[in-house]
Amino acid sequence: MQTSILCENLTMKRGEKTVLDNLSFRLEKGELLALVGHNGAGKSTLIKLILGLIKPVSGQLTVLGGEPGKSPLDVGYLPENVSFYDAMTVEEHLAYFAGLKGIGAERVAELVNELGLDVVYRQKLGRCSKGQRQRLGLAQALLSKPRLLMLDEPTVGLDPAATALMYRELSRLRDEGCSIVVCTHELALIEPYLDRVLMLSGGECRGFGTLDELRRKASLPVFISQFADERVLDDKRLAGYRRRARLMVPENELAAVMKIVTADYGLYDCQVRKADLGMIFARFVLGLSVEELA
């Protein structure tokens, strides 16, 4: 597997303030990385470093096998706030960006169809919705068929339909081998699509890996709830697992507990749910205990 981003002991300072402190992670080809953290955690600084806009104080950062910023056509970028001209049409914007990147009209037409921009192609941006503007932003980022795509809060302000379209497109790109970094606060939205997550707080890495790896590292339990027969909650054998109207079970004890629930009570339609990204974030970044997560 090819490595798209390799970050080793990366440190970045702004004056005397350390913005990123000894950060290490890697992103492989065809993976989607969720970059999460509170405001001021260092996410935007990391994006600028990957794009080659600024340089670190120390450590190593390799992007697509080389120095950051050396292959601009191989890296697409969609910032949180895209600056477009309301008096220009979608067609004029794409023609302008394509000219800057040396991209032909055939690629522009391909993206217009893929992203559903054909219905507003000759419409001025001032009359376009937030979702249509974001699709235009994604189109300009994809013009050169980048191998690495960076997106900063791509779904903020989008309605559910536009959000779903955005993530469907990202999933397709990932499946085609594009590596993707999505910086977002919307944890529930990105969870079904991510391969790995990088959690930052105060410029430090608080957690990196797949969701299952982070659940195991934090010893996060499995939650069982929505019982049709609530007598199961009064079972003395399950008393140690009960937390209000649900059971909180260590993963290695789940089989034994489910045997009681199914064999003794005949319950098969209860909800069994692993700790979600929000809980993982609260455990690693906010420092909440397992009991507090319940």
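**The mixed sheet**

Begin by selecting residues 32–37 and 179–183: these are strands β3 and β7, which pair in the parallel sense over four bridges. Strands here are DSSP runs of E of at least two residues, helices are runs of H or I of at least four, and both are numbered from the N terminus; two strands pair if DSSP finds at least two bridges between them. The model is a predicted one, in which local features need pLDDT of at least 70 and side-chain atom pairs count only at pLDDT 80 or more, while totals for chains, interfaces and linings use all residues. Residues are numbered from 1 along each chain as its sequence is written, and side-chain values use heavy atoms, with hydrogens and water left out.

Show Leu-33 next; opposite it, in β7, stands Val-181. Then extend the selection to the open sheet of six strands, ordered β5-β6-β7-β3-β8-β9 with mixed pairing. Its edge strands, each pairing on one side only, are β5 (75–78) and β9 (204–209). Direction ignored, neighbouring strands of this sheet are turned by 15° against each other on average; axes are lines fitted to C-alpha atoms, for helices over the stretch in contact, and angles run from 0 to 180 degrees between N-to-C directions.

**Helices on this sheet**

Now select 277–284, helix α9, which lies across β3, β8 (196–201) and β9 and runs at about 35° to β8.

**The antiparallel sheet**

Which strands form the three-stranded open sheet, and in what order? The order is β2-β1-β4, with antiparallel pairing. The edge strands are β2 (17–28) and β4 (58–63), each pairing on one side only. Neighbouring strands of this sheet are turned by 20° against each other on average, direction ignored. Select 3–14 to see β1, which pairs with β2 in the antiparallel sense over eight bridges. The bridge partner of Leu-10 is Leu-23 in β2.

**The whole chain**

Finally, display the entire protein chain, whose secondary structure comes to 10 helices and 13 strands. Along the principal axes, its C-alpha atoms fill a box of roughly 70 × 50 × 35 Å. Of the 294 residues, 49% count as buried, that is, under 20% relative accessible area (1.4 Å probe, protein chains only).

How values were computed:
Buried < 20%, exposed > 50% of the residue type's maximum accessible area, 1.4 Å probe, protein only. Contact = heavy atoms within 4.5 Å.
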